[in-house]
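My entries follow in the order in which I looked.

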Amino acid sequence: MTQHRPPAGQSRARPAPDDADVIVVGAGPGGSSTAYHLARAGLDVLLLEKSTFPREKVCGDGLTPRAVKQLVGMGITLQPEDGWFPNKGIRIIGSGVRMELDWPELSSYPGFGLVRTRRGFDEIVARAAQRAGARLTEGVTVTGPVLDDATGRITGVTAREMAAAEQAGDEGAADANGRGAAGANGEQRTYRARLVVAADGNSSRLSLAMGLRKRDDRPLGVAIRTYYTSPRHDDDYLETWLELWDGNALLPGYGWIFGVGDGTSNVGLGLLNTSASFQHIDYRALLRRWLESMPAEWGFAEENRVQPVRGAALPMGFNRTPHYTSGLLLVGDAGGMVNPFNGEGISCAMESGEIAAQVIIQALARPDRAGAELALQGYPRALKDAYGGYYTLGRKFVGAIGHPWLMKFATRHGLPRPALMRFTMKLLANLTEPRGGDAADRVINALSRITPAA
């Protein structure tokens, strides 16, 4: 298969419809980012998505400057009239303190964040990959890997096309123009490629089929969220509440109120499994009790709720490894790449997709299989260089705040100190200048470098 785009005026031979240079499973932010960068380099990419757009995902919908940088790099326009709602930073509330912290001004990242519902966000990123040349097929559920009998290496995937009745009942079904209709009879198909990328989320059935299971020594979070019509929909700060109580127990996590800018607010909470009561918490009841303490004029009451309360797991700190094995690369949630410090996963997914694409591009340019394999073995190392020490710090952080007394001490004595909180925001959001920067940047970068990689 040809790797590079042909010169202008020349055509390239297309592979069979079910063949590609690379198959990417899952058109979330990580998978679509991977497909975009691969397609831009001239590779033939098949992007398989089990749902049909638009489709829902559980998320806080908040995008940090790291995620904004990735969107800009993909050529996605971010104008308010297109549904992107900008924000200035984070508002932190706890222990009687209310503090607004603007995103830092850095040469490496923009000084603003965004809010965009995942129902629209994922499709925007997937369409960008499609415009770059990726072949997006929706309504296709990958059922397993295709393995080489001699080597055990993955050489493709088997998949089932969603039947018409399933599409009609699916929350993200194709629209009236038929976008995303992959098939009407649920037939089984085989897709083959030189490499496969698993970007199929936390459960990552493809990773499991290849023997890659979650690690119990990594943190795990749970997030639940819903939407309310609210006068707070146009808040230009992402608001986080650091005190979540379950009776007399202070829990390791936070609640959030993110204005979507369309008349609604995304409201939810996230908790870590470092709490002794993690398995026994009724999350919906906890959300309800938390919202009952809010001012009535904010509108966070049942009659104003416009979406169901939904929950999802947050796989953190490389909770599935290795990130490359036998022709399969893991990206985003499939590789447990959610930031342990703040539960944010979109920027990590998109960045890991770009890293994976760069490794694949180099590998497929090698003239022999041994050279290609050597390049692919560099993918886990590249991820460790990017996140390893930082994620180890994050694991220690979430372990520490799992102790209620320490969490209480930190909120009571840390929040009243603006300089400390500005440092903390940079640490939690992973927003520093890679080189130079201010004293906070240098301290955070030095800690990440000297800490053993996750």
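**Entry 1: aromatic rings**

I began with a search of the whole structure, a predicted model, and it returned 13 aromatic pairs. The pair I opened was Phe 318 with Tyr 387, which is edge-to-face, with 6.5 Å from centre to centre and 80° between the planes. I then noted where the two residues sit: Phe 318 is in the loop between strand S18 (310–315) and strand S19 (324–325), while Tyr 387 belongs to helix H9 (residues 378–401), so that the pair links distant parts of the chain, 69 residues apart. Are these two residues buried or exposed? I found that both Phe 318 and Tyr 387 are buried.

**Entry 2: charges over rings**

I next looked for charged side chains placed over ring faces, and I wrote down two cases. Lys 69 lies over the face of Tyr 109, at 4.9 Å from the ring centre, and Arg 232 lies over the face of Trp 298, at 4.3 Å from the ring centre.

I traced an open sheet of 7 strands, with mixed pairing, in the order S6-S5-S13-S16-S17-S12-S18. At its edges I found strand S6 (97–102) and S18, each of which pairs on one side only. Neighbouring strands of this sheet are turned against each other by 20° on average, direction ignored. How many bridges join strand S12 to strand S17? I read 9 bridges between S12 (residues 220–229) and S17 (residues 264–272), and these two strands run antiparallel.

**Entry 3: salt bridges**

The structure holds 21 salt bridges, and I started with the one that Glu 239 forms with Arg 91, in which the closest N and O atoms are 2.8 Å apart. Because Glu 239 lies in strand S13 (residues 237–241) and Arg 91 in strand S5, this pair ties together parts that are 148 residues apart in sequence. Both Glu 239 and Arg 91 are buried.

I then returned to Arg 232, whose side chain meets that of Glu 239 in a salt bridge at 2.7 Å, N to O.

For another setting I opened the salt bridge of Arg 305 with Glu 302, where the closest N and O atoms are 2.4 Å apart. Here Arg 305 is partly exposed, with a relative accessible area of 27%, and Glu 302 counts as exposed at 51% relative accessibility. Last, I followed the salt bridges that share partners, and they join Arg 91, Glu 100, Arg 232, Asp 235 and Glu 239 into one network.

Note on methods
Residues are numbered from 1 along each chain as its sequence is written. This is a predicted model: local features need pLDDT of at least 70, side-chain atom pairs count only at pLDDT 80 or more; totals for chains, interfaces and linings use all residues. Side-chain values use heavy atoms; hydrogens and water are left out. Rings of Phe, Tyr and Trp (its six-membered ring) pair if their centres lie within 6.5 Å; planes under 30 degrees apart count as stacked, over 60 as edge-to-face and the rest as tilted. Helices (H or I, at least four residues) and strands (E, at least two) are DSSP runs, numbered from the N terminus. Buried means under 20% relative accessible area, exposed over 50%, partly exposed in between (1.4 Å probe, protein chains only). A charge sits over a ring if NZ of Lys or CZ of Arg is within 6 Å of the ring centre and within 35 degrees of the ring normal. Two strands pair if DSSP finds at least two bridges between them. Axes are lines fitted to C-alpha atoms, for helices over the stretch in contact, and angles run from 0 to 180 degrees between N-to-C directions. A salt bridge is a side-chain nitrogen of Lys or Arg within 4 Å of a carboxyl oxygen of Asp or Glu.
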